[in-house]
Amino acid sequence: MRTRPGFLRVPGALIWTAFLVAVLIVAVQGAFQTRSDIAATFDAQSRIVKAQLALEEMLRLQIDEENSIRGFTLTRDPFYAQQYAGAAQAFDEKLSEVETQLRAQHLTAALRTLEDYAAFQNNWRSKIALPLLSNPSRDGAQIDKENKAFSDYENQTADFIRDALAERNALLARSTQEQINRDAWSRTFWLAVFGLLAILFNGFRSRLVSELEEERTTTETLQRAFRSEHIPLPNCEVGSAYLSASSHLAVGGDVFDVYRLSDTLAMIFIADVSGKGVDAAVLTAFIKFTIRGIALRRRDPGAMLAEFNTAFAQTVENPYLFVSMFVGVLDTVTLQLRYASAGHDSAFVRRAAGVQQLAVTGPVLGVMEEPFETKTIYLEDGDTIVLATDGLTEARNRSGERLQEQGAMYLIASSNPQPQLLADELVAQVKALAGNQTRDDLAVLAIRVHEPGGGE
Amino acid sequence: MKAIAALVLLVCLLPSAVLADCRVNVNAHVALLGTTDDPDVFVWDSRFRLRDYEGGTFDRMQALLPHAVLARPGTRATVESCVPNFVQPKYQEKPEDAVGIVITSGPLRGQRGWVLGSAVRPMLLSSGRLRVRRRLR
């Protein structure tokens, strides 16, 4: 089938689905964003804790330096001088570590204070520590006072840095908590929206499916009513099969007919209407009875198609509807088949030598006013005319590959020669090929001819 | 009657800082102790220098040092006066009291001066131990 009018109702479903997916994406993306934010905050907090530990260690090393100097002035033991050197080196390393962390946290004021602190420690070393190391017997009272002054100032600056780090840590903790709360509310909201949309969507879908099922039932009822009962033809065996598409939307306008025009002549035709649903089914009735009416007056298939084309254009106002059709007039005595094909390429003759595709002799109906050529072939005893709709050649396997004409001809050649069995087998093969998920209707009409006075 | 009313009015108009309580009372017996890391205590000859030392730059601090003596931790003293919230240390949020003391023990005994409120540790004398010790003596 070429277009899908039933699908016109699907945009609603598509919009709902898009909404659902979008909401789900927002909810999921929000969760990932929260995780990322929290991870970043924890990382920052971890770095602050490291800086706090490094600061405390630095203060301990500062006291170690002072105590080492005190020890040296009291005992003159070089051990204390070495201890002082080690503490001073470790102090500088820790100072650098704290500085890096403060810089990373953009704690500018604390960083400036740390620089002051470092400058005082260096001053203390040059004014107190080194003079005492070189001359431990210097004036104790004055040294003690200066030492105390340095110590006081350094402790004050250290307190400031400590407070700055603690404050930043608390700020991060608060911001993390707020972020978690905000995201929890946001996600709850989006999930509630998702749930609500899902409920509405389910209701919408149920209604849609119900409507489509109703329409499908109506359409199938109409199609069954319009499909031909097999009229016995002399010297012929007739078989047919019909496979409805698995989709609710896809019940289409495939129609075929075998109509006896006289004692020896029969009109056979198959057509495929673009579009689906009740409109297409009703159109198949129009086609069937119009062609029958024309066939009673005309015997030339090309002329039949031309007249039908005119009637179709005048009757059907929808410019997007068109029909592919094969019409043949079979002489059951001479086994002559005169046919015309309006864009209908699924027409074959199975002969003893192989399967032959019957040529298209004009454009599809409902598009333009063009003459349709009539062709004539002669059948032989046991030859089978196989007419199908495009559900045969357009059939796709699960990988999406089309069967096409070659595949169809292979299936026809390898099927049972008995027409009804042949039609049934073709339908079964297409169904198996598509994994029971046929996208399109498939109509098959098979007519095997016999020499008059033959066995059949 | 007028004098009482004037006194009440004066009390009402006093700034809240003056009315705020000091951590120690006048005549309290105390011990001087800095921080655990640096327990020595500066005793200043003026509460204004004490304030300048705690709130000023390092250079200013150094210049002030000749006006201070260094008391060893545990030095006993008696509180003579107290100005609440008089000192605002540079890196602290809350101000501290300036406490006027007279040193009662050690080599600086008899010397008067000013110390930070946080360097003054009240001794548990009134309720127990000192009385017992006095009795023992």
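This is a predicted model: local features need pLDDT of at least 70, side-chain atom pairs count only at pLDDT 80 or more; totals for chains, interfaces and linings use all residues.
Reader: How many helices and strands does chain A have, and what share of its residues is buried?

Author: Chain A has nine helices and 10 strands. Of its 456 residues, 37% count as buried. A residue is placed in that class if 20 or more other C-beta atoms lie within 10 Å of its own.

Reader: Which strands form the open sheet, and in what order?

Author: Five strands of chain A form it, in the order β1-β10-β9-β6-β7, with antiparallel pairing. The strands β1 (236-243) and β7 (354-357) of chain A each have a single partner strand, so they stand at the edges, with one side of each left without a neighbour in the sheet. On average, neighbouring strands of this sheet are turned by 20° against each other, direction ignored.

Reader: What joins β9(A) to β10(A), and β6(A) to β7(A)?

Author: Five bridges join β9(A) to β10(A), which run antiparallel, and A:Val386 stands opposite A:Ala446 in β10(A). Four bridges join strand β6 (residues 347-351) of chain A to β7(A), again antiparallel. There, A:Val349 stands opposite A:Gln356 in β7(A).

Reader: Why is β10(A) called largely enclosed?

Author: Eight of its eight residues are buried, so the rest of the structure largely encloses β10(A). Both of its faces are covered. On one side the buried residues are A:Leu442, A:Val444, A:Ala446 and A:Arg448, and on the other they are A:Ala443, A:Leu445, A:Ile447 and A:Val449.

Reader: Which helices lie across strands of the sheet?

Author: Helix α8 (residues 404-414) of chain A lies across β6, β7 and β9 (384-388) of chain A, and runs at about 140° to β7(A). Helix α9 (residues 419-433) of chain A lies across β1, β9 and β10 (442-449) of chain A, and runs at about 20° to β1(A).

Reader: How do you know that the length of α6(A) agrees with its number of residues?

Author: Helix α6 (residues 301-315) of chain A has 15 residues, which at 1.5 Å a residue should span 21 Å; its end C-alpha atoms are 20 Å apart, so the two agree. Its buried residues include A:Met304, A:Leu305, A:Phe308 and A:Phe312. The buried residues of α6(A) pack against α5 (278-297), β4 (323-331) and β5 of chain A.

Reader: What makes up the contact between chain A and chain B?

Author: Chain A supplies 16 residues and chain B supplies 14 residues. On the side of chain A that touches chain B, α4(A) gives the most, with 14 residues. The residues of that side divide into six nonpolar, four polar and six charged.

Notes: Residues are numbered from 1 along each chain as its sequence is written. Chains are lettered from A and ligands numbered from 1 in the order in which they are written. Helices (H or I, at least four residues) and strands (E, at least two) are DSSP runs, numbered from the N terminus. A residue is buried if 20 or more other C-beta atoms lie within 10 Å of its own, exposed if 12 or fewer, and partly exposed in between; C-beta atoms are placed from the backbone. Two strands pair if DSSP finds at least two bridges between them. Axes are lines fitted to C-alpha atoms, for helices over the stretch in contact, and angles run from 0 to 180 degrees between N-to-C directions. Two residues are in contact if their C-beta atoms, placed from the backbone, lie within 7 Å. Ala, Val, Leu, Ile, Met, Phe, Trp, Tyr, Cys and Pro count as nonpolar, Asp, Glu, Lys and Arg as charged, and the others, Gly among them, as polar. The expected span of a helix is 1.5 Å times one less than its number of residues.
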